[in-house]
Amino acid sequence: MTQPTVVICPICQSPDCRKSRWRPDEKTHVPGRHPYRCRACKHRFFAPDGTRSGRNALVSVATACLIIAIGIVMLIDWSTVDEIPAPIPAAAPVQIDPYTLRAAQEGDAAAQLRLARVLLSDLSREGTRSAEAVHWLRTAAENNSPGAMVELGKLYRSGFGVLQDYDQAAKWIRMAAAMGDPAGMLELGRLYRDGVGLPRDPVLAYVWFNRAAAALHVEAARDRDDVARGLSPTQLKDAQAQSPITEGGNGGNGGTKPTSYNKP
């Protein structure tokens with residue numbers, strides 16, 4: 001297919017040019033070119049034949065694209081030949097703060113919890129460190145640390161560092177929730193929502209999520225709203241009625257004020 005002529009006037013740079021007739025003896029003096037006349041400024045000049053140039057340009061572009069594509073493929077092949085993955089450097093063991101260790105050994109529940117969390121973050125010696133972490137979590141939980149209770153319950157739920165035991169998970173998380181710990185209330189709501197270690201109960205899941213949300217736990221508010229979408233109006237009303245924590249009521253946290261309820 002013939003390509004349209006693209007010729008630019010060298011005087012006024014106008015592309016509005018047409019072929020001009022040959023004059024005597026011009027063909028022998030300007031081989032490979034053709035006379036053109038600019039319609040704008042009337043200048044007559046010689047330029048490569050537009051039709052031939054357009055066709056040659058297309059061929060040149062296609063050839064260049066093919067060469068570039070071949071080069072990219074060869075570069076990829078060369079970059080992957082006999083490629084040996086770089087070894088992943090081993091993580092350096094986490095250093096234990098001696099003051100935290102001493103305080104934990106002296107019975108400080110907060111220090112015991114901090115120590116356990118440091119050990120759980122150390123992936124360089126997973127087996128040994130996780131066993132140590134469980135020991136300190138259990139010790140702190142027995143010293144009435146709700147944070148340790150929650151962490152221990154989550155380990156039992158996942159089976160990390162201990163044999164998976166949903167009953168133990170529910171036991172420790174329920175104790176933390178009863179102490180008014182927001183994270184404990186959140187995790188207890190999740191156990192009721194998922195039916196893990198406890199009977200599946202979306203109403204009670206909403207209750208505990210709502211209590212945690214009242215303690216300004218952001219994740220709990222999101223989980224509460226998700227559960228609410230599956231509740232009937234009657235169930236939602238019942239869940240909201242059970243949500244406020246009063247002195248002597250379920251949860252044992254008389255200092256938590258009831259939240260205002262809006263239907264999601």
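## Overall composition

Of the 264 residues of the protein chain, 35% count as buried (buried means under 20% relative accessible area, exposed over 50%, and partly exposed in between, with a 1.4 Å probe and protein chains only). This is a predicted model, in which local features need pLDDT of at least 70 and side-chain atom pairs count only at pLDDT 80 or more, while totals for chains, interfaces and linings use all residues. Residues are numbered from 1 along each chain as its sequence is written, and side-chain values use heavy atoms, with hydrogens and water left out.

The protein chain contains eleven helices and three strands (DSSP runs numbered from the N terminus, helices being H or I of at least four residues and strands E of at least two). From the N terminus on, the order of elements is β-α-β-β-α-α-α-α-α-α-α-α-α-α. Among contacts between residues at least 6 apart in sequence, 49% join residues at least 24 apart; contact here means heavy atoms within 4.5 Å.

## The segment before strand E1

Asp 16 lies in the segment before strand E1 (17–19). With a relative accessible area of 40%, Asp 16 is partly exposed. Leaving out residues up to four places away in sequence, Asp 16 touches Arg 37, Cys 38, Arg 39 and Ala 40. Asp 16 and Arg 37 are 21 residues apart along the chain, and their C-alpha atoms are separated by 8.9 Å.

## Packing of H4 and H6

Two packed helices are described by the angle between their axes and the distance between the axes. Helix H4 (residues 109–121) and helix H6 (residues 146–158) pack at about 30 degrees, with axes 10 Å apart (axes are lines fitted to C-alpha atoms, for helices over the stretch in contact, and angles run from 0 to 180 degrees between N-to-C directions). H4 is therefore roughly parallel to H6, given that angles under 35 degrees count as roughly parallel, over 145 as roughly antiparallel, 65 to 115 as roughly perpendicular and the rest as oblique.

In this contact, Leu 113, Arg 117 and Leu 120 of H4 meet Gly 147, Ala 148, Glu 151 and Leu 155 of H6.

## Packing of H9 and H11

The axes of helix H9 (residues 202–214) and helix H11 (residues 233–242) come within 8 Å and cross at roughly 45 degrees. The two helices are therefore oblique to each other. On the H9 side the contact is made by Val 203, Leu 204, Tyr 206, Val 207 and Arg 211, and on the H11 side by Gln 235, Leu 236, Asp 238, Ala 239, Gln 240 and Gln 242.

## Nonpolar cores

The largest nonpolar core has 25 residues, and those with the most contacts inside it are Leu 188, Leu 191 and Tyr 206 (a nonpolar core is a set of buried Ala, Val, Leu, Ile, Met, Phe, Trp, Tyr and Cys residues joined through side-chain atoms within 4.5 Å). Helix H7 (166–178), helix H8 (182–194), H9, helix H10 (218–228) and H11 each supply at least two residues of this core. H9 gives the most, with eight residues. Apart from this core lies another, of 24 residues, among them Leu 120, Leu 137, Leu 152 and Ala 176.

Tyr 206 touches Arg 224, Val 227, Ala 228, Leu 231, Leu 236, Ala 239, Gln 240 and Ser 243, not counting residues up to four places away in sequence.

## Ala 220 in helix H10

Ala 220 lies in helix H10 and, at 0% relative accessibility, counts as buried. Its contacts, leaving aside neighbours within four places in sequence, are with Leu 186, Phe 209, Ala 212 and Ala 213. Ala 220 and Gly 189 are 31 residues apart in sequence and 8.5 Å apart in space, C-alpha to C-alpha.
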